[in-house]
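User: I would like a close look at one part of this model, namely the place where its chains meet. Please treat it in one connected account.

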Amino acid sequence: MGYQLIVNSFSLSNALRIVGLLIIAGAGPLAAEENANPLTLEQRQLFENQIRPLLVNHCLECHGAETQEAGLRLDAFSWALRGGDNGPALDSSDLGTSLLMRAVRYDDANLQMPPTGKLSAKQIQTLEQWIAMGAPWPEDEPVRAAADDQFEITDEDRQFWAFQPIEQPAVPPQRSLTTSANPIDRFVDARLQEQGLSMNPTASRRVLIRRLYFDLIGLPPTAQQVDQFERDRAPDAYNRLVDQLLASPRYGERWGRHWLDVVRFAQTNGYERDDEKPYAWRFRDYVISAFNQDKPFDRFVVEQLAGDELDKVTDDSITATGFFRLGVWDDEPDDKQQALYDSLDDMVVTTGAAFMGMTIGCCRCHDHKFDPLSQEDYYSTLAFVRNVSYYVKHHDGKADTTIFASLPSGRGKTLAVREDGVEAPPTHVLIRGNPKTPAQAVQPRFPQVFGVAMPESIAASPGNTSGRRRVLAEWIVSGEHPLTARVIVNRLWQHHFGLGLVATPNDFGQTGMRPTHPQLLDWLATELMQGDWSLKRMHRLILTSHAFRQSSASLDPQAIRLDPKNRMLWRQNLKRLEAEVIRDSILAASGALNLQMEGPSIYPEVPPDVIGSQSMPGRGWGRSPPDQRSRRSVYVFSKRGLQVPLLESFDFASSEQPIGQRNATTVAPQALTLLNSDFIAEQVEQFADRLLLGAGTHDPSALVEHAYQLALARSPSEEEMAIAVDYFKAQLQAAELSPAIPTLTPKLPSALHKTFMDVSRAEDYLDGPRQGWSYAQGDWPHRGDGIHWVRLERGPFALWDQQTAVNGSIKMKLLIHPNAELAGIIFRAKAREAVFDGYELVFLPEQQELSLRRISDHEVTLATAPMVVEPGQWFDLQIDFQNERFKVAIDDQEFINVIDNEPVLHAGKFGLRTWVAGLSFRDVQLMMDEHPFVLTGITKIESHERARRVLCNLMLNLNEFVYVD
Amino acid sequence: MTGCCGGRRQFIWELGAGFGGVALSSMLDQDGFFSKHAFGADQDVSSTQKPLAERSPHFFPRAKRCIFLFMYGGPSNMDTFEYKPELQKRDGQEIDIEMRRGSIRKQKLLASRRKFKRYGESGLWCSDAFPGIAKHMDDICVINSLYSDSFAHGSAVLQMNSGQIIQGAPSLGSWVTYGLGTENQNLPAFVVMLDPRGGPINGAPNWGSGYMPAAYQGTKFRTKGDPIQDLSPNGQMTRAMQREHIDALNQLNAQHLEERPGYSELPARIASYELAFQLQNTAPDAMDLRQESRRTLEDYGIYDPRPKHKLSLGPSYFGRQCLIARRMIERGTRFVQIYSGGGHQQQNWDAHHGMEENLEIHAPEIDKPIDALLTDLKQRGLLEDTLVVWGGEFGRQPVSQGNNHGRDHNPKGFLYWMAGGGVKGGVSYGATDDFGMEAVQDRHHIRDLHATVLHLMGLDHEKLTYFYGGLERKLTGVRSAHVIDAAIA
């Protein structure tokens with residue numbers, strides 16, 4: 001980056017201070033941090049405009065990063081101080097007589113630099129001027145080059161298990177006739193035998209079908225499916241079930257999601273705007289369909305890395321290259337060069353982690369501390385993707401054309417990689433990863449430790465790209481690569497057992513875990529390659545092993561003592577279901593699950609808080625109709641800056657880095673979400689209806705029986721039945737005793753971005769009784785940058801639509817929820833677009849005040865009174881309104897009695913509003929111009945329904961619902 | 001992590017490897033709940049299964065907890081706490097200045113319209129934007145000479161929160177709770193309170209736990225309505241009914257557990273429901289300001305009316321948050337972060353469209369509440385071991401921007417102040433150049449500020465590491481960071 005010419009007139013004192021500092025620092029290379037004082041503009045101007053060009057043009061060819069004649073480097077201050085064979089080029093104790101100056105002055109016949117001819121007098125004068133300033137050199141210069149510590153691959157490095165070629169190991173002999181003939185079991189058994197242990201017996205049919213369903217398709221089996229399997233006594237029943245599930249389209253949705261974790265899939269860029277990546281959903285669909293088709297894994301890898309460089313490109317192969325575009329991307333980078341390399345780094349890191357289980361990203365700034373990977377290896381790997389065109393933001397709002405491509409079939413566009421031409425720009429090792437300090441140039445090549453030569457030349461691809469990525473991809477799937485097959489079979493194993501044979505699926509290096517069963521791992525890897533890289537075949541092998549089918553019971557005291565973590569697999573593992581599986585299972589239990597596949601993503605409803613924590617609240621989020629909201633979680637819009645709380649709390653994968661294994665935490669917010677969230681309330685409502693319909697009776701035992709069938713596909717035990725029936729009856733009684741209380745609840749935060757207001761209907765602002773009521777969003781003035789704030793004086797409200805009146809009275813019981821910002825009782829109200837004209841009694845809990853207002857073009861306060869009611873407590877309210885006279889009584893005590901001199905006398909409606917927290921109301925008695933109305937709502941059926949909902953909620957919260965044996 | 005867990009491998013196993021079941025809550029093992037059930041030899045609830053269990057610091061902590069007041073948008077230095085007489089003299093003169101990375105332009109200096117005075121025995125400068133905070137200068141250490149790496153909000157806010165300009169690293173609050181756990185298992189350990197005008201840029205990743213388990217992420221705490229999302233039972237269920245609900249659940253889960261001994265995650269999940277139920281008491285209690293005197297509420301500005309400016313909230317909102325922060329740290333919450341400013345530009349401290357207007361909107365929103373908070377903490381003896389940190393993602397330029405005398409972003413020189421737990425009060429440390437453009441004296445990258453915060457809380461930034469992706473990660477990153485000794489008493 002060139003600095004512009006700067007006319008500067010100050011800070012000479014700073015310059016002197018810096019000179020002092022540099023001199024005090026004395027000889028020897030300076031640590032970067034000690035040299036942290038910045039240059040003044042004047043110094044920087046001199047250095048960048050005159051000194052650096054001079055050094056580059058006349059010195060660095062022989063004394064730079066690549067060549068060091070006489071051991072001297074002049075591309076950093078510290079190197080100059082350190083000097084070469086003839087001593088320091090710059091002597092900090094006396095800069096003026098430094099070797100450098102003597103050389104350029106041609107004073108010494110034996111030391112004349114540059115050798116090609118003396119610099120001009122002007123140039124020497126400039127150097128002197130610079131030296132006089134104390135030879136200021138910008139701080140971000142390299143202080144230490146990679147070459148400092150010679151990188152060397154030792155024999156020990158080469159011996160590391162993960163770099164050994166994969167050879168098919170001999171299968172251990174079968175221990176006895178009773179043990180399984182599946183080679184997997186023989187490996188597992190052999191290991192257990194060393195400890196005198198053996199595997200658990202086979203799990204029950206009921207356990208097996210649940211395990212298979214969750215593992216393979218991520219959904220629970222229905223009660224009918226369980227029964228059928230239990231009754232199927234044919235010897236191949238199990239294998240047929242495996243085949244059937246592998247053939248289900250649900251399989252791709254389940255296993256595709258595992259892959260999406262690994263490739264840090266998300267549909268937005270992250271950072272400030274967190275804009276959508278166009279057509280990212282096509283990549284998701286591609287992955288799902290690849291698993292469903294059992295696309296050979298080698299092909300799957302090649303398509304993602306180089307689908308555009310293949311001899312024949314297809315819709316699939318182009319879409320697959322979206323792989324390169326999925327990462328976090330800053331559309332407003334501070335430093336574009338840095339951002340370019342951050343983006344390339346994301347590609348290198350993900351490629352290393354996803355396909356090779358390597359943490360090559362560690363070598364961006366220095367040689368790997370643990371693995372035999374050098375910084376040069378990193379940049380040589382980066383050179384494979386160096387030609388990928390970097391996309392820049394278009395501030396006109398148009399999507400950037402560099403990140404998507406037309407599908408070859410003409411069926412639309414897709415997120416895709418792109419290279420602009422066959423000629424890749426040069427790649428340099430960047431000292432300390434800093435783009436401003438390039439060192440030696442490198443060519444694409446594989447990390448040295450693999451000892452694999454590159455092809456003689458790389459042919460450009462017909463698609464006008466460098467062809468480099470194809471070379472990388474073909475090496476990865478060549479069958480010679482020691483990691484590719486091991487890494488993917490380990491991933492399959494991991495999702496069937498809860499933990500991989502290598503427990504760190506993205507790190508097969510020194511810092512990762514060693515395989516517990518190295519031979520088994522290699523056997524599986526060989527099988528995969530010999531079986532044409534078919535993943536479904538590998539699933540079959542694993543799933544038909546006894547190791548998989550054994551029970552998860554943790555009872556064997558000997559095994560618990562010797563192998564408490566079950567690393568030797570004496571049992572199956574109990575597994576916590578993943579976030580998506582939990583959500584999908586809830587939808588399955590409620591009956592709402594919509595199995596529609598493919599296409600643009602869906603937006604579940606999220607709480608006001610989640611919307612409100614965006615800097616442009618709601619921007620980039622949408623609303624989907626209920627049937628769409630009930631689609632599987634893999635179709636939920638994956639936005640980096642906004643996660644669906646249920647998914648987030650159950651450890652949904654971070655999309656910022658490749659994730660090999662998710663966390664499985666247990667924290668209180670998960671319980672709160674499953675007990676109390678709106679999503680659960682909505683699902684429980686449907687579940688309760690379905691329950692009644694299915695049971696066909698109000699009888700508690702029949703309902704409990706059916707609830708167990710729907711949620712867990714089994715009958716309750718006697719004890720469970722007793723507990724659940726007792727609980728149901730208690731809830732029923734409680735529901736009958738306590739009236740059903742309608743509550744008005746705000747659903748959006750107080751600031752909203754226009755784009756989200758555009759997709760929100762009036763009913764989306766407040767939740768409350770629907771039948772016979774209408775809603776309005778209130779007044780939301782614009783506050784700049786597309787953001788609107790609610791005007792509290794005229795916020796969202798609900799009107800009871802059944803009757804209008806000029807005169808009348810309102811009697812009701814009210815509860816203002818703690819910390820509500822405002823609650824209002826509206827009457828004689830006429831809706832005018834999003835607001836109303838009429839009267840309102842407003843409770844302002846914070847000000848501990850209530851006031852009566854007339855509202856037309858503006859608000860007029862007619863009377864105020866102290867608010868005596870406590871939030872969270874029920875109180876009686878009575879409002880009488882007769883022409884110009886208004887009376888308000890709370891708990892039978894009159895607080896307001898006032899005459900409005902300019903009354904609005906139209907016939908209007910009764911209504912309510914509240915903001916920030918809810919408003920509950922009951923026993924509403926209205927007198928509307930002689931017509932009495934009572935709004936209650938409590939009936940016997942409703943109590944029964946409420947109790948059913950509570951029962952359904954109970955089912956969804958059981959440990960059994962979120963764990964699989 | 002050195003100091004509080006087993007070896008690295010062990011740790012990966014427990015936290016990263018998934019089925020080990022990361023749980024919390026010491027309640028049940030206090031009750032002997034776990035010992036009643038059969039567990040394998042090392043399947044008791046180890047410390048790593050309780051990510052928020054209280055842990056020992058690396059050395060004696062000067063502060064046990066931290067309140068981080070984040071002025072989102074980037075508050076000015078030369079209008080607040082760093083008096084620049086030379087700038088005041090040369091209002092309107094042209095200088096060359098780097099406005100964005102590498103883009104140097106001629107711009108006109110903009111003197112502060114604020115009046116500065118020296119306060120307290122220490123004589124620290126403070127402008128008349130903050131008459132309330134000015135009273136506390138003897139307790140405050142102003143660090144004038146910070147710099148960071150980005151001119152853009154997105155990456156700058158991330159860097160201030162997580163040390164990295166790349167999205168995906170754990171935030172400071174996550175690191176602190178990872179290092180120290182919490183003193184109160186019945187409240188979130190790391191709490192975030194947002195401005196009602198919206199969250200900061202990037203949203204949730206600012207308080208995310210990045211590559212650490214979600215247990216370390218900040219919990220959004222509302223000051224109105226339900227304090228924590230989904231805290232209250234939905235619909236008609238009362239608290240008593242929810243108790244019965246959880247009792248029934250416990251009974252059924254106990255049946256399930258009985259058939260599955262040896263899996264500590266199952267009782268841990270049962271425990272998490274108890275904690276959830278406890279939260280329904282403890283969280284609303286922490287925000288129940290009715291327990292405070294009228295006088296206290298007035299001091300924090302909670303009754304102050306909303307000012308005239310259409311973008312201003314007045315002190316009532318931030319005041320409420322500061323008071324709740326005090327109540328939370330009293331109850332053992334480890335780290336509270338409050339954002340002042342949300343949405344865009346003048347809705348936060350991003351004063352492109354008028355420095356004076358911006359201060360008019362935002363300074364009164366925070367001044368009275370912070371005055372009250374510092375006074376309150378001191379009176380209660382809490383300031384001794386509570387660290388209060390104030391600042392934004394960067395500072396602002398000394399030159400004028402736009403028609404309304406705004407100021408643009410400046411990451412090359414800006415200030416933070418700290419007070420309380422172990423901070424040397426009455427100190428003004430480091431300096432920017434004559435105009436406030438660039439840190440020149442005692443310069444510190446913000447990783448040094450992070451190292452200092454950790455240090456005050458008893459954590460060594462070199463030792464507080466988390467193994468992820470082949471590296472021992474640190475809040476301060478790969479470059480060496482230095483504790484700012486001058487700020488420490």
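Which side chains meet in a salt bridge with A:E870, and at what N to O distance?

Analyst: In this predicted model, the side chain of A:E870 forms a salt bridge with that of B:R290, at 2.5 Å from N to O. Across the interface of chain B and chain A, four salt bridges are found by the rule. Polar contacts also link the two chains: 31 residue pairs qualify, with both residues at pLDDT 80 or more. On the side of chain B that touches chain A, helix α8 (residues 239-258) of chain B supplies the largest share, 12 residues. Sorted by class, that side of chain B comprises 59 nonpolar, 41 polar and 30 charged residues.

The extent of the interface can be given in two ways. Counted by residues, 130 of chain B are in contact with 125 of chain A. The size of an interface is often expressed as the accessible area lost when the parts come together.

For A:L877, the contacts beyond its neighbours within four places in sequence include A:I810, A:M812, A:L814, A:I825, A:L841 and A:F843. Also among them are A:K811, A:V888, A:A889 and A:I890.

Note on methods. Residues are numbered from 1 along each chain as its sequence is written. Chains are lettered from A and ligands numbered from 1 in the order in which they are written. This is a predicted model: local features need pLDDT of at least 70, side-chain atom pairs count only at pLDDT 80 or more; totals for chains, interfaces and linings use all residues. Side-chain values use heavy atoms; hydrogens and water are left out. Contact means heavy atoms within 4.5 Å. A polar contact is a pair of N or O atoms within 3.5 Å; within protein, one must be able to donate a hydrogen and the other to accept it, and residues adjacent in sequence count only if both atoms are side-chain atoms. Helices (H or I, at least four residues) and strands (E, at least two) are DSSP runs, numbered from the N terminus. Ala, Val, Leu, Ile, Met, Phe, Trp, Tyr, Cys and Pro count as nonpolar, Asp, Glu, Lys and Arg as charged, and the others, Gly among them, as polar.
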